[in-house]
Protein chains: 2
Amino acid sequence: MSPIENLTGELRKLPGVGAKTALRLAYHLVKGPKDNLRRLARSLDLVADRVHPCPTCGNYCDADLCSICGDPARDQEVICVVEEAYEVGAIERAGRYGGLFHVLGGRLSPLDGIGPDELAIGALVKRLGGAGGPVKEVILATNASVEGEATAVYLEGVLRAYPVRVTRLARGIPVGSDLEYIDGTTIAEALAGRREM
Amino acid sequence: MSPIENLTGELRKLPGVGAKTALRLAYHLVKGPKDNLRRLARSLDLVADRVHPCPTCGNYCDADLCSICGDPARDQEVICVVEEAYEVGAIERAGRYGGLFHVLGGRLSPLDGIGPDELAIGALVKRLGGAGGPVKEVILATNASVEGEATAVYLEGVLRAYPVRVTRLARGIPVGSDLEYIDGTTIAEALAGRREM
């Protein structure tokens, strides 16, 4: 196997990259300066060497704790639960949340063999502590998909035993969108969750 | 900059990879086994270390000559001229061509500052040799775009001075397509190039 075929094969393992895209990417890299190849290789090695899940929240980090868990200025009374680590960034970019996070590492999906034991639920419960613990609220920010919803319902059942408020993100009309393109279920949720102006 | 941000930045340099795709790829790699990261890094290093243009035809290779130029069983009398190295594979996969290749490394595109001197035209002419040289035919397989067509016309002018037959790929209806979806220019070309059944 030639080096180019080898690279094409590795690129093909990436999500959303088929045979033609892998070939196009490989030839783009081959045609460009060798520095680009090496820089990408070094950045991959750096991630392999340094990045690991934060022992507290499960987000990826390259220090003992992630930058959020290690920041005493964050609100220690709220934990926002997300399915995947990259969703932490989506919420952080919104710029309105100053609490902590907890990464489940997936969603309940029995067909894929993912049950409660595959998710970081025990670690979440441990963070709540007993009565008088610091955490007052858990925000369930799982996705608005069937699996995300099922995961939220399951978590709500688990968390009921603890003295914390359990909330979830509001469902409704996404900002900037036209009503005529919004599905009926979303409109029904938006009506049910309507607020005083 | 964290290792993940660093990797995301490198991935973003790939063609067709925007900010969101780069993030998705980076997190996919972070979440998977570290072996995958290292294998991709090694395959990039291998390409940077080993792959270079074939000194004869300009196709990429990791030996002194590419596998096609180095194969004495290939027809040494025909050279098929393509714009980019990855197009060699497209023609090879068709399984009907047994001659040699020549990679121009682009197409004439004055707006992008690519003139004849930026393409491997001198190297092509050198391969033709004088009268009695081995090459009897040059097939122009540049793309059927405006720039590809202009490049073919320019090459035809250059090659006219040499005792070789200059041909180009037939224009016509792609196999398996419906006439109603074919543009008028293509149909006109297909009519002009019609053949006896």
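In the predicted model, 41 residues of chain A are in contact (heavy atoms within 4.5 Å) with 41 residues of chain B. The size of an interface is often given as the accessible area lost when the parts come together. Here about 4200 Å² is buried between chain A and chain B, counted as the accessible area (1.4 Å probe) lost on being put together and summed over both parts. Carbon and sulfur atoms give 67% of this area. In chain A, the most area is lost to chain B by Pro3(A), Leu44(A) and Tyr60(A), together 15% of what that side buries.

The rule finds eight salt bridges across the interface of chain A and chain B. A salt bridge pairs a side-chain nitrogen of Lys or Arg with a carboxyl oxygen of Asp or Glu within 4 Å. One links Arg42(A) to Asp45(B), with the closest N and O atoms 2.8 Å apart.

Four helices of chain A each supply at least two residues of the side that touches chain B: helix 1 (3–12), helix 2 (19–31), helix 3 (34–50) and helix 4 (86–94). Helices are DSSP runs (H or I, at least four residues), numbered from the N terminus. Helix 3 of chain A gives the most to this side, with 16 residues. By class, the side of chain A that touches chain B has 22 nonpolar, five polar and 14 charged residues. Ala, Val, Leu, Ile, Met, Phe, Trp, Tyr, Cys and Pro count as nonpolar, Asp, Glu, Lys and Arg as charged, and the others, Gly among them, as polar.

The structure holds one cavity of 30 Å³ or more. A cavity is a set of points, on a 1 Å grid over the protein atoms alone, where a 1.4 Å probe fits but cannot get out; lining residues have an atom within 4 Å of a point. A volume is the space filled by probe spheres set on the points, which are joined across faces, edges and corners. The largest cavity has a volume of about 30 Å³. Its lining includes Leu140(A), Glu149(A), Arg168(A) and Arg171(A). Four nonpolar, one polar and three charged residues make up this lining.

Residues are numbered from 1 along each chain as its sequence is written, and chains are lettered from A and ligands numbered from 1 in the order in which they are written. Local features need pLDDT of at least 70, side-chain atom pairs count only at pLDDT 80 or more, and totals for chains, interfaces and linings use all residues, while side-chain values use heavy atoms, with hydrogens and water left out.

Note on methods
Buried area is the accessible area (1.4 Å probe) that two parts lose on being put together, summed over both. On a 1 Å grid over the protein atoms alone, a cavity is a set of points where a 1.4 Å probe fits but cannot get out, and a pocket is an open set with protein on both sides within 12 Å along at least five of seven lines; lining residues have an atom within 4 Å of a point.
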